[in-house]
Amino acid sequence: MTPSLACGTVIAVVGAESTGKTELASALAERLTQRGIAATLVPEVLREWCERESRTPRPDEQAAIADEQTRRIAEAAGRGVVVADTTALMTAVYSDMLFDDPALYAAALAAQAGYTMTLLTALDLPWVADGLQRDGPHVREPVDALVRAALARAGVAYAVVHGRGPERLASAWTALNLASGAEPPASIIPAGAAWNWTCEKCSDPVCEHRLFTDLLSRRG
């Protein structure tokens, strides 16, 4: 099945480091193109910035990076369907966690709320160091928790994507098809009620994967 996506659709992939955002975003854009949907992949501005400057940004440099990420996504959305490899929300989360600066959340969440679908990459992949990019595996759960909390505050629904390789792409593809269908997608987590109604292990990959597969089996 191929999702029905209008021009201007933005599929935003967010999540902690080393959770497969770049690989998933690239695979989604390629799959959409193969299915006849013109899709533009918008890469992570922070990665480009770090490679160009050979360092990580200072607190006062965070806002410009977030704004540029949002600008590029909006520009690409004017031409068709967009798959965004991260959004300004991730810059806001790291500014909050590393520099105790929550000032970037308002603009980042306003942009996020306008995106068609938010995919959150689960913590079920092994940690792989990524050059100048941020921190180690110990920060993945705190980052994941901050992302979820921010999305809940803003009332932005999201789907958690699990699995490795083809399984992860299949998980995202299923979520896209459900979201573009006539009935509400059961795999989309209602903002403000994320996981509290199921269990308290809101970053447990085993728990999340079980919930996801159970939801799909009930829809089968």
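Student: Why is strand S4 called mostly covered?

Tutor: Buried means under 20% relative accessible area, with exposed over 50% and partly exposed in between (1.4 Å probe, protein chains only). In S4 (residues 117–121), five of its five residues are buried, so the strand counts as mostly covered. A strand here is a DSSP run of E with at least two residues, a helix a run of H or I with at least four, numbered from the N terminus. The model is predicted: local features need pLDDT of at least 70, side-chain atom pairs count only at pLDDT 80 or more, and totals for chains, interfaces and linings use all residues. Residues are numbered from 1 along each chain as its sequence is written, and side-chain values use heavy atoms, without hydrogens and water.

Student: Which way do the residues of S4 point?

Tutor: Met-117, Leu-119 and Thr-121 point one way, Thr-118 and Leu-120 the other way, and all are buried.

Student: What makes S1 and S4 a pair?

Tutor: Two strands pair if DSSP finds at least two bridges between them. S1 (residues 10–14) and S4 have four bridges, so they pair, in the parallel sense. Val-13 stands opposite Leu-119.

Student: How do you know that S4 and S5 pair?

Tutor: They have three bridges, so they meet the definition, again in the parallel sense. S5 covers residues 158–161, and its Val-161 is the bridge partner of Thr-121.

Student: What does Val-147 touch?

Tutor: Contact means heavy atoms within 4.5 Å. Not counting residues up to four places away in sequence, Val-147 touches Val-14, Leu-89, Met-90, Val-93 and Leu-120.
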